[in-house]
Amino acid sequence: MKITVFGATGGVGHEVVRQALDAGHEVTAVVRDPARLTVPAHERLRVATVKDVTDQEAVLSVVSGRDAVVCALGAASNKQAKAAPIAGPALHAITSAMDRAGVRRLSAVSAAPVGPLADGEGLFTRAVVYPLLRRLLRDLYADLAVMEAVMHASGTQWTVIRPPMLQNKPRTGTYRRALDANVRGGRSIPRADVADALLTTLTDPTTAGHALGVAS
C-alpha cells in the first residue's frame, strides 16, 4: 500500500515507518523537522515536511493518492496538551483532507484510559489506577477523546488503537487484542507492537469503525 504516517518522528510513528517499509509499503513520513527522523533513507520512503498538521491544505498534499493514513500524533505531556491540544485539531484536518482526496482507511493511536475499563478488571485498577491516571493526565486524554470523536464523525473507515503504558522493547507480535474494550489486566505494551497493530488493522476490515484495546 501507499501509506502516509503522521507523527513519524515519535516513538510509535518511527516504528510504523520502519515496519511499513519492511513490509514492502510505500511510505510518506510527515514531520516538522526532517532531522529528527532516524529511519535510514529508502527508495520507498518520502519525507514530507509539514509545519502545521492542522492546516488542511498542507495535509491534503500529503494524503492525496494514498491508500491509507496512520496517525501517531499526540501531546508529549499533559501540560503540552493543556496549552496546545494537537490530536483533536490534527485529526479534524486529516479526516477533512482524506475526504477531499477520497482516501478512506485510517488508523490512529489513542490510550487505554480513554476507553472503558475491561470487564472483570481488578479493584485496585478500578479504584486507584484509572482514576489517578485520568486526573493527572486529564488534558492529554481530553485531547485524545476529541480525536476519537472527530474520527467517529468522519466518513473514514477508521480504527482507534488504545494501548496502556508504552515501553521501548522489541516487537513481539503476540500482544493481546480486545475489540471495543480494553485488555483485562493490560498494564503495558512495546511501542513496536502498537505500531504493528496500527498497520495490521489497515487490512483487517473487522476493525473498521471500532476501537481496539491492545496489551502484552
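Visitor: Which strand does Gln 157 lie in?

Guide: Gln 157 lies in strand 6, a strand being a DSSP run of E of at least two residues, and a helix a run of H or I of at least four, both numbered from the N terminus. The model is predicted, so local features need pLDDT of at least 70 and side-chain atom pairs pLDDT 80 or more, while totals for chains, interfaces and linings use all residues. Residues are numbered from 1 along each chain as its sequence is written, and side-chain values use heavy atoms, without hydrogens and water.

Visitor: Why is Gln 157 called partly exposed?

Guide: Its relative accessible area is 35%. Buried means under 20%, exposed over 50%, and partly exposed in between (1.4 Å probe, protein chains only). Gln 157 therefore counts as partly exposed.

Visitor: What does Gln 157 touch, not counting residues up to four places away in sequence?

Guide: Gln 157 touches Arg 104, Arg 105, Leu 106 and Ala 208, where contact means heavy atoms within 4.5 Å. The C-alpha atoms of Gln 157 and Gly 209 are 6.0 Å apart, although 52 residues separate them along the chain.

Visitor: What makes Gly 213 buried?

Guide: Gly 213, in strand 10 (residues 210-215), has 1% relative accessibility, so it counts as buried. Leaving out residues up to four places away in sequence, Gly 213 touches Arg 162, Arg 176, Arg 177, Ala 178, Ala 181, Asn 182 and Val 183.

Visitor: How do you know that the span of helix 6 agrees with its number of residues?

Guide: The expected span is 1.5 Å times one less than the number of residues. Helix 6 (residues 138-153) has 16 residues and should span 22 Å; its end C-alpha atoms are 22 Å apart, so the two agree. Among its buried residues are Leu 144, Met 147 and Met 151, and what covers the buried residues of helix 6 includes helix 4 (87-101) and helix 5 (123-136).

Visitor: Why is helix 4 called roughly parallel to helix 6?

Guide: Helix 4 and helix 6 pack at about 20 degrees, with axes 7 Å apart; axes are lines fitted to C-alpha atoms, for helices over the stretch in contact, and angles run from 0 to 180 degrees between N-to-C directions. Angles under 35 degrees count as roughly parallel, over 145 as roughly antiparallel, 65 to 115 as roughly perpendicular and the rest as oblique. Helix 4 is therefore roughly parallel to helix 6. The contact includes Leu 91 and Thr 95 of helix 4 and Met 147 and Val 150 of helix 6.

Visitor: What makes helix 1 oblique to helix 7?

Guide: Helix 1 (residues 11-22) and helix 7 (residues 191-200) pack at about 60 degrees, with axes 8 Å apart. That value makes helix 1 oblique to helix 7. Val 16 of helix 1 and Ala 195 of helix 7 are among the residues making the contact.

Visitor: Which residues touch the most other members of the largest nonpolar core?

Guide: Phe 6, Val 69, Leu 91, Ile 94 and Met 151 do, in a core of 34 residues. A nonpolar core is a set of buried Ala, Val, Leu, Ile, Met, Phe, Trp, Tyr and Cys residues joined through side-chain atoms within 4.5 Å. Helix 4 gives the largest share of this core, seven residues.
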